[in-house]
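Please brief me on how this fold is put together. Keep it short and grouped by topic.

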Amino acid sequence: MADPDQIPLDELDFAILTQLQDDGRKSYTDIARALRVSIGTVRNRITRMVNDGTVRFICRPDAYRVGFHTPANIKVSIRPSHLLEEAAMQIAAFPEVYYLALVAGEFDLDIDVMCRNQAHLTSLVTERLHRVPGVYATVTSVILRVYKLSLPDLSLVSSEAGAEE
């Protein structure tokens, strides 16, 4: 449910976010010029979106170049189900985990991890993950090649897109 105190995003907010997706270091001046609005408007909008949690700025290095040579996806079944939340919280604390989601289907959790090498991944799965109370079964897939890694296409949720459907 939406926070009643949160201001809904409008087309200018989406346009600013799209500019930042193109280059997260783009200056307020350049964004303002591209969108034909004042620098103060851009600054205020970005500040509001940072403060309300709509956007955050991060650095995403190339995983392979910094030493993570064995990325993997792990599907996890939790039994009994009342251990799900606690297991998820413990798994979320693993530094290798960069994505963790509750999913519908055959498994309960979907996890993406970054490991240095196969030995690191093996240790993570066999010595740590399987020791989390409730972890019943896992299926691990090593990621061999990434064909697409991107940000969401904001045009799919902007107010104009919603009006088309």
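Which strands does helix α5 lie across, and at about what angle does it run to β3? Helix α5 (residues 118-128) lies across β1, β3 and β4, and runs at about 145° to β3. This is a predicted model: local features need pLDDT of at least 70, side-chain atom pairs count only at pLDDT 80 or more, and totals for chains, interfaces and linings use all residues. Residues are numbered from 1 along each chain as its sequence is written, and side-chain values use heavy atoms, with hydrogens and water left out.

**Sheet**
- Four strands form an open sheet in the order β2-β3-β1-β4, with antiparallel pairing.
- The edge strands, β2 (97-102) and β4 (135-142), each pair on one side only.
- Neighbouring strands of this sheet are turned by 20° against each other on average, direction ignored.
- β2 pairs with β3 (residues 109-115) in the antiparallel sense over five bridges.
- Leu100 has Ile111 in β3 as its bridge partner.
- Strands pair if DSSP finds at least two bridges between them.
- Helices (H or I, at least four residues) and strands (E, at least two) are DSSP runs, numbered from the N terminus.

**Helix packing**
- Helix α4 (residues 84-92) lies across β1 (70-78), β2, β3 and β4, at about 165° to β2.
- Angles run from 0 to 180 degrees between N-to-C directions, with axes fitted to C-alpha atoms, for helices over the stretch in contact.
- Contact means heavy atoms within 4.5 Å.

**Cores**
- The largest nonpolar core has 20 residues.
- Those with the most contacts inside it include Ile111 and Leu129.
- β1, α4, β3 and α5 each give two or more residues to this core.
- Apart from it lies another core of 12 residues, among them Leu20 and Met49.
- A nonpolar core is a set of buried (under 20% relative accessible area, 1.4 Å probe, protein chains only) Ala, Val, Leu, Ile, Met, Phe, Trp, Tyr and Cys residues joined through side-chain atoms within 4.5 Å.

Conventions. Buried means under 20% relative accessible area, exposed over 50%, partly exposed in between (1.4 Å probe, protein chains only).
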